[in-house]
Number of protein chains: 2
Amino acid sequence: MTVKEKGLLHELREALKSHQVTTNATVLEQHGKDESYHHPFSPDIVVFPENAEEVSKIVKLAGAYNTPIIPFGLGTSLEGHVIPYEKGISIDFSQMNKILEIREKDFLVRVQPGVTRSQLNKELKKYGLFFSVDPGADATLGGMAATNASGTTSVKYGVMRDQVRNLEVVLASGEIIHTGNLAQKSSSGYNLNHLFVGSEGTLGCFTELTLRVYGIPEHILAARAFFPHIDDAVEAVVSILQAGIPVARVELVDDASMKQVNLFSDTDYIEKPTLFLEFHGNEAGLKQDVAFMEEIVSDHGCEAIHFEEDQAARNKLWDARHNLAYAYIHGNPGKKMMVTDVCVPISELSGAIRAARQKLDELKLTGGILGHVGDGNYHALVMLDLTDREEVQKAEVFNEQIVEYALERNGTCTGEHGVGAGKMKYQEREHGGALQVMKNIKDALDPSGLLNPNKLIRKAKGEEE
Amino acid sequence: MTVKEKGLLHELREALKSHQVTTNATVLEQHGKDESYHHPFSPDIVVFPENAEEVSKIVKLAGAYNTPIIPFGLGTSLEGHVIPYEKGISIDFSQMNKILEIREKDFLVRVQPGVTRSQLNKELKKYGLFFSVDPGADATLGGMAATNASGTTSVKYGVMRDQVRNLEVVLASGEIIHTGNLAQKSSSGYNLNHLFVGSEGTLGCFTELTLRVYGIPEHILAARAFFPHIDDAVEAVVSILQAGIPVARVELVDDASMKQVNLFSDTDYIEKPTLFLEFHGNEAGLKQDVAFMEEIVSDHGCEAIHFEEDQAARNKLWDARHNLAYAYIHGNPGKKMMVTDVCVPISELSGAIRAARQKLDELKLTGGILGHVGDGNYHALVMLDLTDREEVQKAEVFNEQIVEYALERNGTCTGEHGVGAGKMKYQEREHGGALQVMKNIKDALDPSGLLNPNKLIRKAKGEEE
């Protein structure tokens with residue numbers, strides 16, 4: 001530890017309570033990794049603030065010592081977002097985990113950033129409400145806002161960005177601002193809510209979030225539809241969307257992934273390409289929607305549909321889907337996960353998935369295809385032995401080919417996981433001249449470049465990791 | 001005309017075709033006003049570009065001559081957005097009015113900024129599609145994106161910001177960038193789409209927009225519900241929303257405004273506080289929703305509901321609603337319109353409208369209350385004799401009180417009209433420290449401050465209009 005680091009550590013301990021600041025090797029290691037294949041790298045210090053004022057103090061001290069800071073939720077990111085490759089202070093938000101206010105009548109909640117989505121939903125259930133965004137991980141809401149996460153219900157309820165009404169943010173200067181208000185819509189000033197959502201800790205630290213929630217639907221019906229071939233399943237989805245059926249969830253799981261589901265989740269689902277569907281609405285409307293959907297999937301060769309009406313069976317179905325990445329990890333001990341995350345216009349989805357599946361087979365990689373096909377967003381999930389250089393290289397080429405395919409068709413390199421460290425190399429190709437606008441914004445809001453440096457926006461002087 | 005202006009004019013005429021550049025007094029005057037009470041002020045020059053390259057040339061020349069530029073659609077703004085109080089070049093986008101591409105299967109369209117919403121909808125109808133955002137004016141889509149416009153359907157389909165997938169933007173430097181892609185969702189880079197939407201020409205000029213469109217619903221049912229008192233109508237809306245009925249439109253029109261509707265639109269609607277409602281869905285679901293809605297409005301004292309099932313009657317109903325501002329203008333010759341535009345959390349809506357109605361009566365101003373109450377956004381519309389100083393002052397105090405009421409309850413000073421010149425004075429109060437962040441962004445993207453100067457963001461050196 002350098003003299004500078006010692007000085008910073010001393011000042012942090014003065015500013016916070018002593019148990020809130022640590023250099024314990026195990027804790028540092030825990031804050032040096034995420035759930036992906038990106039190589040770990042430990043921070044110098046981990047701090048556990050309890051409120052915005054403490055976060056402000058930390059950020060000011062980091063500025064005084066010219067030290068990077070990296071916000072940390074639960075470390076469930078998939079592109080190395082939380083890994084402090086430039087060293088510095090990891091700010092762990094786990095102590096800021098209170099649900100502060102439920103404005104039932106306004107369908108709004110105010111939470112601290114360390115609250116997880118399941119924690120919030122458990123509380124909301126008492127009010128007949130739910131929070132819609134559901135990535136696979138039980139991530140923190142602060143982390144989900146930082147990456148603009150989404151999930152199985154985004155096709156109906158939108159992504160994280162659509163739910164954020166207001167953020168309390170600690171800026172690089174240590175100043176605390178609010179980015180929005182409680183109104184349903186606003187045309188007042190630049191839209192800072194949507195700029196900060198998805199900024200991955202590079203523009204400020206979130207210390208409070210006001211989020212939109214929804215009433216639990218009157219009726220919910222879930223279904224699993226099996227198809228002979230993945231192409232049929234994808235084309236059925238495209239037809240369902242184009243028919244205007246208001247589906248609440250429509251998830252694709254290929255046959256390889258259905259095997260993992262059954263192994264991990266104690267289910268005995270048919271191991272064929274499957275659509276997991278859900279419909280929300282009133283009873284009569286839902287019946288009509290489902291009948292129309294059945295017609296469409298049958299036209300696309302659907303072999304069988306199983307409906308799940310009661311809540312326990314529905315929960316089992318969606319838990320199985322949510323745990324799919326963990327199923328792969330569990331089924332491949334010692335291996336690490338690489339997940340592609342492109343999103344394409346819906347008319348390009350069939351072709352994109354067909355090409356990905358073919359390449360996955362050609363390269364003989366272990367993995368499967370799954371995803372939020374209602375949004376045009378799919379994942380190819382590959383399990384890697386990081387000591388096998390050839391396998392890692394093959395997987396990287398595979399990922400690059402998938403991204404190139406999507407970008408050629410005006411899609412995006414990341415539908416929901418974010419840029420982090422892993423997707424920076426595609427930013428120039430995807431954004432062109434707009435990347436310089438992003439850099440100008442970063443420089444304007446973080447002039448010293450200490451907020452999660454070298455993530456999302458590459459540093460100027462060739463200082464890349 | 002100064003020597004500098006002559007030089008600029010000469011160079012503009014060299015860069016464009018001669019009929020695309022004018023200093024004709026009538027044309028200047030037309031580009032020096034909008035539809036509001038804000039006092040007119042003419043630009044020096046009006047230009048009519050035909051493509052992005054020409055816009056880029058204009059912006060570069062303006063930069064070279066240190067001359068402001070003001071994008072102009074149809075001049076339907078309500079807060080002086082398009083009025084060139086700092087003089088300069090008004091860029092009229094009326095010649096860029098082509099629908100460039102309809103990606104039917106992707107529910108996307110690509111248009112030039114001068115296309116109007118009715119022009120787009122006329123074309124989309126051939127494909128069974130529609131564009132949802134419908135402000136009262138038949139505004140241009142470029143202008144609607146610039147102010148983040150919304151309308152009667154935003155309660156279901158969202159505001160302008162929710163529809164914009166990609167923008168082609170000419171920056172202050174003259175460089176042409178793209179802010180998005182065609183994917184349904186993206187977590188790649190900072191969200192420039194939503195930053196540029198609502199930026200009111202202060203960050204760049206839009207030269208192309210890719211917008212989300214929707215399938216025309218299988219069934220549509222419109223209704224007018226009459227209430228003895230405005231409070232009952234508002235409380236009925238709050239109950240409908242809280243019951244989770246997926247209403248597609250719910251508009252409040254008070255009794256004073258119903259009189260204007262009948263005078264202007266050749267209707268004989270009952271002149272009582274009225275909700276204009278619409279439901280979209282499948283036949284069975286819609287029937288159940290409407291039955292539930294009828295129960296709720298009846299609990300709130302609704303005196304009668306008239307349903308409009310056929311398209312002609314529905315169109316008449318919504319045309320009457322859309323033309324309400326014009327009805328007031330027509331009914332008050334020589335007067336100018338001031339429209340308040342706050343948006344409040346839905347739980348605060350009853351109180352806000354009650355307070356506004358009381359003040360309007362106390363002050364004996366000519367006007368009414370109407371608005372998009374499903375979003376918590378309502379307008380008090382006041383007709384002013386601008387030569388009557390006392391009346392104007394009363395109206396200004398009225399507007400300020402309404403804004404103050406909304407801001408005290410965490411609402412916003414503008415739900416959909418934007419800041420322009422008229423709402424700048426509330427920005428500090430509404431945004432606090434976040435206003436400096438907005439200023440930093442403005443400075444980073446428009447360092448010379450020539451893009452629609454002194455709108456949305458106040459100029460630094462006390463150079464306010």
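**View 1. Helices α9 and α14 of chain A pack against each other.** Here α9 (residues 230–242) and α14 (residues 349–362) of chain A bring their axes within 9 Å, crossing at roughly 160 degrees. That crossing angle makes α9(A) roughly antiparallel to α14(A) (the label is for angles over 145 degrees). The contact involves A:I230, A:D231, A:V234 and A:E235 from α9(A), plus A:L349, A:S350, A:I353 and A:R354 from α14(A) (contact means heavy atoms within 4.5 Å). Sorted by class, that's four nonpolar, one polar and three charged residues; Ala, Val, Leu, Ile, Met, Phe, Trp, Tyr, Cys and Pro count as nonpolar, Asp, Glu, Lys and Arg as charged, and the others, Gly among them, as polar. Axes are lines fitted to C-alpha atoms, for helices over the stretch in contact, with angles running from 0 to 180 degrees between N-to-C directions. Helices (H or I, at least four residues) and strands (E, at least two) are DSSP runs, numbered from the N terminus.

This is a predicted model: local features need pLDDT of at least 70 and side-chain atom pairs count only at pLDDT 80 or more, while totals for chains, interfaces and linings use all residues. Residues are numbered from 1 along each chain as its sequence is written, chains are lettered from A and ligands numbered from 1 in the order in which they are written, and side-chain values use heavy atoms, with hydrogens and water left out.

**View 2. A:K87 and A:D44 pair up in a salt bridge.** Their side chains meet at 3.1 Å, N to O (the cut-off is a side-chain nitrogen of Lys or Arg within 4 Å of a carboxyl oxygen of Asp or Glu). A:K87 sits in the loop between β3 (69–72) and β4 (89–92) of chain A, and A:D44 in the loop between α2 (25–30) and β2 (45–47) of chain A, so the pair ties together parts 43 residues apart in sequence. A:K87 is partly exposed at 34% relative accessible area, whereas A:D44 is buried at 11%; buried means under 20%, exposed over 50%, and partly exposed in between (1.4 Å probe, protein chains only).

**View 3. B:E404 and B:R429 link two helices of chain B.** The salt bridge spans 2.9 Å, N to O. B:E404 belongs to α15 (residues 389–408) and B:R429 to α16 (residues 427–431), so parts 25 residues apart in sequence get tied together. B:E404 is partly exposed at 31%, and B:R429 is partly exposed at 40%.

**View 4. A salt-bridge network in chain A.** Shared partners join A:E101, A:R103, A:D106, A:R110 and A:E208 into one network. Within this group, A:R103 meets A:D106 at 2.9 Å, N to O, and both are buried. Over all chains, the whole structure has 56 salt bridges.

Notes: Angles under 35 degrees count as roughly parallel, over 145 as roughly antiparallel, 65 to 115 as roughly perpendicular and the rest as oblique.
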